[in-house]
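Good morning, and thank you for making time for this item.

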Amino acid sequence: MPKEFTDEFEPLLIKDFNGQKQPKLPNRSLVLAACAACIGGTFQFGYNISVINAPTTHVHHFINQTWIERYQTGIPESVLTLLWSTIVSIFTIGGLLGVTVGGTLSVKHGRKGTLLVNNAFAIIAALLMGLSYPTGYFELLIIGRFITGLNAGIGLCVQPLYLGEIAPTAFRGAMGMGTSISITLGLLAGQVVGLKELLGKEDSWPILLATTCVPAFLQLLILPWFPESPRYLLIDRGDSEGCRKALKQLHGVSRCDGELDDIEKEKRGLADFKAKTPRELLCDRSIRLQVLTVMLLNVAQQLNGINAIYFYANYLFTQSGISAERIPYVTIGTGACELVTALTCGIVIDRLGRKVLIMGGYILMSICCILFTLTLSYQRASPIVPYLSIASVFAFILSFGLGPGGVTNILTTELFTQATRPAAYIIAGSLNWLSFFLISMVFPFLVVWLEQYCFLVFMAVCTCMAIYIFFVLPETKNKTFIEIQNEFKSSKKARTVDGTGMKRLLSI
C-alpha cells in the first residue's frame, strides 16, 4: 500500500481488536449524566414551544385588560394580534442568538460549565413571565420569551456536544438520541401541564409559564455530580488526569483505557489545536462536503413539513369531527407517539445505522406527503377519508421521529472533530432556527396559494434529501471521529481521481 494511503488510514489499521466483547448496555453513570444534561438542555426547547399554546386566550384577555387600564379603551384587534405574534415568535430570535454564542461559550467554559450557567437564563425568564400578571406589564412576557429562546438556543447547541463527547463509540448513536427524546419529552410535558385540569386555567397561566425554572433547578442540583466532557478536558485543556477520572466515572475502569487511546489519537492528529470559528470552517476546503451535508440536513429538518403538520393538525382533527375540547388530548397522543418513536430509534440506531434510519425516514415522509394531498383533496368523498388524514399525521410524525428528528443532531456531532465541532453546531443551529422562523412565516401564505398541494413542496424536499443521503453520506455507525473524517477524505479523493481520468479520456 502506498505510504500516503498508509498514513491516511493509520487510525483504521492500528485499531485495537483485542477480542473484548462490546457491553450491551452503557454504564449507569453515563446514562445519569446524559439525563442530567437533557433535563435542563433541549427539554427546555420542547417545553417552551408547547407550553405557550395553552394560555393563548388568557394572555389575550390579560393584554386587553391591561390596555384598557392604561389607555381607557379596548386594544385594536390588529395590535393584539401583533403583540401575541411577537410573544410567540421572539422565542426564535432568542434561540438564534443563543446558538451563535453557545458554541463560543462551550469552548471557553466547557460543555458542562455552559449548561450550568445557561440555567440562569431560564430562571430569569421564569421570574419575568411569572411577574407579568401581578405587575400588569405584558412587556415582561416578551422579554421573558426572548430569554427562554436564548436558553433553548444555547441548550440545543451545547447539550448534543456534551452527549456526543461523553459517549463511547459503541453507544454514541443511542446517547445522541437523548437530544430528540428530551425535546419530545419537553413537548409532551408542556402539553400535559397546560391542560385545564392542571395549570391551563385562567388564574394559573402565569405559574404555567414560570414552570420553565423547574428543569433549570433540577439540572443545577444533578449535573454538578458528573464530570466535564473527557474530550474537552484532554484536547481543549490538556488535562490528561481529569480526562482519565472522567472516563472512569462515565465508562467504568475496564473501558477507560480504550476510550482514552481514541481521544489521544484524535489529539495527535490535531497539531497546534485551536478551535475554529464558523468563518474559518466555511472557508476550509478540506471539510467542505461535511459542512454542506450538515447545512442541508439542518435546513431540511425544519423545511421537511414537520412544523407544517403541527400547524395543520388542529384543522385536520376538527375536519374529522373531533370536538375542540378533545383536541388537546389528541395532540398529547401525537406527542406520545413521537416519544415512543424516539425511544425506539435510540434502541436500534447503533444496530441499523444512521444512514438507513434518516434516509428511510425521509422516504416515508415523502409517501405521507402524497397521502396528505390525496386525503385533503377528497375529504368529502367518504366519511373514512378524514380519519385517513389523521392516520397520515401520525405516520408522518413517526417517520420524522424515526429518522430526521433524532439522527440529524447525531450526524452534526459525528462528521466533525474537536477543533471544528463547536463551529459546526453554530452554523447548523443558526440555519435550523432561521429555517424554523422562515417556515413559521411562509407556511400560512403557502396554504393560501397552494391549499392542500402545499405538501407536494415538502415531498420534494424529503425526496431530494433521501437521494442526497444515499449518494453522499457514509455510514458512521461504530466509527471513531477520525475514521469518519478519513472516509470523507477517501471518497473525495476517489471523486478527484475519477474526474482526472475522465478528462484524460476526453483529451485522447
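The count of cavities of 30 Å³ or more comes to four. A cavity here is a set of points, on a 1 Å grid over the protein atoms alone, where a 1.4 Å probe fits but cannot get out. Points are joined across faces, edges and corners, and a volume is the space filled by probe spheres set on the points. This is a predicted model, in which local features need pLDDT of at least 70 and side-chain atom pairs count only at pLDDT 80 or more, while totals for chains, interfaces and linings use all residues. Residues are numbered from 1 along each chain as its sequence is written, and side-chain values use heavy atoms, with hydrogens and water left out.

Let me turn to the second largest cavity, whose volume is about 50 Å³. Which residues line the second largest cavity? They are Pro 160, Gly 164, Arg 172, Gly 176, Asn 409, Ile 410, Thr 413 and Tyr 425, where a lining residue has an atom within 4 Å of a point. Two or more of these residues come from each of α8 (139-166), α9 (172-193) and α21 (404-414); helices are DSSP runs of H or I with at least four residues, numbered from the N terminus. The largest share, three residues, belongs to α21. By class, the lining has three nonpolar, four polar and one charged; Ala, Val, Leu, Ile, Met, Phe, Trp, Tyr, Cys and Pro count as nonpolar, Asp, Glu, Lys and Arg as charged, and the others, Gly among them, as polar.

I now come to helix packing. The axes of α7 (residues 111-135) and α11 (residues 213-222) come within 8 Å and cross at roughly 150 degrees; axes are lines fitted to C-alpha atoms over the stretch in contact, and angles run from 0 to 180 degrees between N-to-C directions. α7 is therefore roughly antiparallel to α11, a term for angles over 145 degrees. Among the α7 residues that meet α11 are Leu 115, Asn 119 and Ile 123, contact being heavy atoms within 4.5 Å. This contact has nine nonpolar, two polar and no charged residues.

The second pair is α16 (residues 288-303) and α22 (residues 421-450), which pack at about 25 degrees with axes 8 Å apart. These two helices are therefore roughly parallel, the term for angles under 35 degrees.

Methods:
1 Å grid on protein atoms, 1.4 Å probe; cavity = no way out; pocket = protein on both sides within 12 Å on 5 of 7 lines; lining within 4 Å. Parallel < 35°, antiparallel > 145°, perpendicular 65-115°, else oblique.
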